[in-house]
Amino acid sequence: MHRTLRTYFFSALSLLALNLSAQEQTEDKVDIDEWQTLKMEAAKDPFAKGNQFTINFANYAVEDWRYPLREGHLISPYGGARHHAGTDIKSFPNDTVRAAFAGEVILSGPHYGYGNCVVLRHANGLEPLYSHNSKNLVSVGKWVQAGEALALEGSTGRASTHHVHFETRVKGNAFDSEIIFDHKNHLLRYGVFVFTKQPNGSLKITSVTAD
């Protein structure tokens with residue numbers, strides 16, 4: 001009889017612990033990013049309500065963004081004769097590649113000539129790509145904060161030297177990251193940017209004065 005009661009008692013304690021653990025995980029998720037979850041859902045298609053959307057970087061605080069490679073310098077800009085879709089930034093092998101903004105990891109792994117790459121989706125509508133990494137440090141579905149480590153700088157894929165190929169994208173369309181980042185000084189451009197989808201699917205980006 002005592003053994004039966006003891007077994008029941010410990011079973012009840014185990015069940016209670018499991019329920020509390022599940023409740024804590026649910027509460028943590030709600031506390032951390034419930035409001036962001038709604039924004040992230042909208043960010044899947046920022047043009048869902050029309051052919052324009054706006055990002056107001058003028059309202060961003062210092063902790064809301066980070067330069068992707070703290071000690072990096074520009075070695076190849078966007079565009080050019082070879083229609084380069086990103087910005088190549090170089091520092092030293094295995095330097096830490098960081099998230100430009102808070103967001104969700106939607107791709108992490110080897111991807112054709114990009115080598116090891118990470119793609120994030122941000123609540124502001126951007127989906128930047130970080131590639132040629134020697135090692136990815138995040139997995140799909142992970143929520144990261146601005147400045148959080150994503151990968152280590154490398155030369156995987158079609159790369160002749162270690163660097164980060166950084167692409168800023170909207171719905172798969174790349175645009176010049178220099179529009180929103182001052183790469184020379186590692187600064188975000190604190191402006192208001194209007195993204196307009198053209199009839200041919202390309203992007204037009206204009207800077208407007210904040211109210």
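Here's a quick tour of the aromatic rings in this structure. Keep in mind that you're looking at a predicted model. The model holds 13 aromatic pairs, and two of them get a closer look below. A pair of aromatic rings is described by the distance of the centres and the angle of the planes.

**Phenylalanine 57 and phenylalanine 193**
- These two rings make an edge-to-face pair, with 5.9 Å from centre to centre and 65° between the planes.
- The pair ties together distant parts of the chain, with its two residues 136 residues apart.
- Phenylalanine 57 sits in the loop between β1 (52-56) and β2 (73-76), while phenylalanine 193 belongs to strand β15 (residues 192-197).
- Phenylalanine 57 has a relative accessible area of 0%, so it counts as buried.
- Phenylalanine 193 is buried too, at 5% relative accessibility.

**Tyrosine 60 and phenylalanine 101**
- Here the ring centres are 5.9 Å apart and the planes meet at 90°; planes over 60 degrees apart count as edge-to-face, so that's what this pair is.
- Again, distant parts of the chain are linked: tyrosine 60 is in the loop between β1 and β2, and phenylalanine 101 is in the loop between β4 (96-98) and β5 (103-110), 41 residues apart.
- Tyrosine 60 is partly exposed, because its relative accessible area of 22% falls between the 20% and 50% cut-offs.
- Phenylalanine 101 is buried, with a relative accessible area of 4%.

**The cluster**
- Phe57, Phe193, Tyr60 and Phe101 are among the members of one aromatic cluster.
- That cluster also includes Trp65, Tyr67, Tyr130, Phe166, Phe181 and Tyr190.

Technical notes. Residues are numbered from 1 along each chain as its sequence is written. This is a predicted model: local features need pLDDT of at least 70, side-chain atom pairs count only at pLDDT 80 or more; totals for chains, interfaces and linings use all residues. Side-chain values use heavy atoms; hydrogens and water are left out. Rings of Phe, Tyr and Trp (its six-membered ring) pair if their centres lie within 6.5 Å; planes under 30 degrees apart count as stacked, over 60 as edge-to-face and the rest as tilted. Helices (H or I, at least four residues) and strands (E, at least two) are DSSP runs, numbered from the N terminus. Buried means under 20% relative accessible area, exposed over 50%, partly exposed in between (1.4 Å probe, protein chains only).
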